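Trainee: Before we go on, I would like to go through the terms used for this model and ask what each one rests on.
Mentor: Then let us look at it together.

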Amino acid sequence: MTGQLRHMLRDDDVNHEEQRQILELGMKFWKDRYYRRPFEGPQAVAVLFDKPSTRTRSSFATGVAELGGYPLVIDKSGSQLGRGEPVADTARVLTRMTSGIVWRTFGQERVEEMAAYATVPVVNALTDQFHPCQILADLLTIAQHRGGVDALPGMTIAYFGDAANNMANSYLLGGAVAGMHVRVAGPNGFLPDPGIVADAERIAEQTGGSILVTTDPQEAARDADCIFTDTWVSMGEEAEYAIRSKPFWDYQVNDGLMALAKPDALFQHCLPAYRGKEVTASVIDGPQSVVWDEAENRLHAQKALLTWLIGKQRDDDGLLA
Ligand code: CP
Ligand code: NVA
C-alpha cells in the first residue's frame, strides 16, 4: 500500500492531532534518544543550507545519524544550487538518492518548488517566512516544563519585537494549530502579513485558540505563560541594521516586561540572541529562561518530525507507537 507524501513547509501543514502526535513522539525521543531508527541502512537525508546555521545544522546532522541515517549536509557554496541549477532539477536528483530533503533558504516559494518536484518529504529548516522546526521545539519545551503535550491547548504565548519575521509568522500558525492563545507585539511597519494572521485566526477558531496582534507590549505580556523574542535583524537583513536598531526598544524583553507575565512564565529565544538588544542578560540568563532546553529540543522535535513524515510515506503507524 502506498503511503502519503507529506511535507513540513509551514506550521499549518499539520493539523492539531498531527502536531500532537509529533510532539508526543518528541517527548519519547527526549526520554530515549534511540527510541526509533527509521533510516537504518543507513538511508541518506539531504540537509541543505543557503544561510548560516549552528543549531539547525548540528541538530539535523546529529538527529539523522541517531535515526540510523546518513546526513548529507551541503552548503550553498558547495552545491550547484548556489550556481543557479534549477530547484526542480535538484529535487529530481536528490529524490533518487535520499529519503528526505531538509532545506534552509530565502523565499518560501523555493521550498514549495522543491516539494513540488520531490517524491520524498521536504522540510523547511527556515525561510524568510517561516521556521516550523523551531516552533515544534519551542512547544516541546513548554510541554516538558508544564506536564506534557496535553497542557498546551489554552495556554497563552506572547512574542515581542520584529513581528513581521519568520518566527512571528510561525508562532501565529504553530500556536494556533496547538490551540493556544497567541499574542504578537511589534511596532507599526513590523507587524505580520494580514494573510498569515487570517490563516492563524481561521485555525484558532477550530482549535479553541485565539490570535492578538498589537503594538502594545504590555497588553501582549499580561498573564502570559511563555514569553518569546528573536533578533531584530534576521539573516539577509544585515544591510538594514541601522534602521532596525531603532523601532524595537519598547519591545525589548526585560525584567519589567517579564513581571507582567505569570510569575512562573517561561522565557524562550530561538537563538542566536543579542543581549542588551531584544533581551536583557538578566532575562535570558535568569531563572525563567529555558533557552538551552529549547536548543536541545531542536534535536528531539526534528527526529520526531522526520520519523512521522517517513512513517506517513511508508504507511507505517508503528513508528509512532
Ligand atoms: N534557531 C536556529 O535556527 O538557530 P541556527 O540559525 O543556529 O540554526
Ligand atoms: N529570524 C531569525 C531566526 C534565526 C534562527 C533569522 O531569520 O535570522
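Trainee: Why are helix 5 and helix 6 called oblique to each other?
Mentor: The axes of helix 5 (residues 132–145) and helix 6 (residues 166–177) cross at roughly 60° and come within 9 Å, the axes being lines fitted to C-alpha atoms over the stretch in contact, with angles from 0 to 180 degrees between N-to-C directions. Angles under 35 degrees count as roughly parallel, over 145 as roughly antiparallel, 65 to 115 as roughly perpendicular and the rest as oblique, and therefore helix 5 and helix 6 are oblique. Their crossing is right-handed, the term for a near helix turned clockwise from the far one by less than a right angle.

Trainee: What are the numbering and the model based on?
Mentor: Residues are numbered from 1 along each chain as its sequence is written, while chains are lettered from A and ligands numbered from 1 in the order in which they are written. The model is predicted, so local features need pLDDT of at least 70 and side-chain atom pairs count only at pLDDT 80 or more, whereas totals for chains, interfaces and linings use all residues.

Trainee: What makes strand 7 and strand 9 edge strands?
Mentor: Five strands form an open sheet with parallel pairing, in the order 7-6-5-8-9, and strand 7 (210–214) and strand 9 each pair on one side only. The twist from one strand to the next averages 20°. Strands, here DSSP runs of E with at least two residues, pair if DSSP finds at least two bridges between them.

Trainee: How many bridges join strand 8 to strand 5, and how many join strand 8 to strand 9?
Mentor: Four bridges join strand 5 (residues 156–160) to strand 8, and four join strand 8 to strand 9 (residues 266–269). Thr229 of strand 8 is the bridge partner of Phe160 and also stands opposite His269 in strand 9, while Cys226 stands opposite Leu266.

Trainee: How do you know that both faces of strand 8 are covered?
Mentor: Cys226 and Phe228 on one side of strand 8 (residues 226–229), and Ile227 and Thr229 on the other, are all buried, a term that asks for 20 or more other C-beta atoms within 10 Å of a residue's own.

Trainee: Which residues are around ligand 1?
Mentor: Among them are Ser53, Arg55, Gln134 and Cys270, where being near requires a C-beta atom, placed from the backbone, within 6 Å of the molecule.

Technical notes: Buried ≥ 20, exposed ≤ 12 C-beta atoms within 10 Å, placed from the backbone.
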